[in-house]
Amino acid sequence: SGNRLYHVTVMPCYDKKLEASRQDFYNDVLQTNEVDCVLTTSEVQLMLDERCTGSLSGVEGRDVDPELFSLTEDRAHVCGHSGSGAGGYLEFAVRETARRVFDMQVDRIELTARRNADMQEFTLRGPQHGEGSEGQAVREVHFAAIYGFRNIQNLVQKMKRRKCTYDYVEVMACPSACLNGGGQIKAEQQMDKDLLARVTEAYKSATERSPHISPLLPLLYHTWLEGQGSEKARRLLRTQFHIIEKSTAALSIKW
């Protein structure tokens, strides 16, 4: 039962608090939010400072169910993903497009920076038919990673003028994406870019593993979701957002 679970997530962004409170993420059947509490990393640091003098050494340990993690070499192992600190969605989309559309495998993805480091592109090229011999058309699929509000504004303007040529865009509001989120722990005695470099290095130190090879994935689909591609799987695993109408009530208040 959802009433017996208290779901806490630790995020690099304050906006995740607003996202978790949206009606889209309220379960009408269980009458509960899908996420009960969102903490930023800076708030976790504050809690440690207040209760444990800034260290985890004073926190009482708890056993963790190994089935919550990917099982590797008979022990619980936390795995990471390929791609950027924005979640690796672009890289996953590239590889899935290559596999499903072109029946090919992409081992290395190198993004090309355009106006700045927060605006990068990648073009996937594959044969439309067969192996792309002479005379056959080659189809291209265009991807982009757009971070930061200025780059996002330029993207939106292109879309409004119908001059956007991208097929898939990974958009993040924060420059340098989520690892540089507004809720992250701030630098005290070093430059922000140096701290970001350390965070990025630590993030990428986790063993990369494709979700396709997880031994728990087929079990999850079979046991809980009525098979891959089922209506239940689509309903529970896919997210839908609805436009929230702007409220003018706050503007009419006389202070």
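These legends describe close-up views of a predicted model. Local features need pLDDT of at least 70 and side-chain atom pairs pLDDT 80 or more, while totals for chains, interfaces and linings use all residues. Residues are numbered from 1 along each chain as its sequence is written, and side-chain values use heavy atoms, without hydrogens or water.

**View A. Cysteines without a disulfide.** The whole structure holds zero disulfides (cysteine sulfur pairs within 2.5 Å). The cysteine sulfur closest to that of Cys-178 belongs to Cys-174, 6.9 Å away and too far for a bond. Cys-178 is partly exposed at 24% relative accessible area. Cys-37 is partly exposed at 21% (buried is under 20%, exposed over 50%, partly exposed in between; 1.4 Å probe, protein chains only).

**View B. The aromatic pair Phe-143 and Tyr-168.** The count is one aromatic pair (Phe, Tyr or six-membered Trp ring centres within 6.5 Å; stacked under 30 degrees, edge-to-face over 60, tilted otherwise). The ring centres of Phe-143 and Tyr-168 lie 6.0 Å apart with planes at 50°, so the pair is tilted. Phe-143 sits in strand β10 (138-147) and Tyr-168 in strand β11 (168-172), so the pair ties together parts 25 residues apart in sequence (strands are DSSP E runs of at least two residues, helices H or I runs of at least four, numbered from the N terminus). Phe-143 is buried at 2%; Tyr-168 is partly exposed at 28%.

**View C. Helix α5 at a pocket lining.** Helices α3 (89-101) and α5 (192-204) each supply at least two residues of the lining of the second largest pocket. The most come from α5, with three residues.
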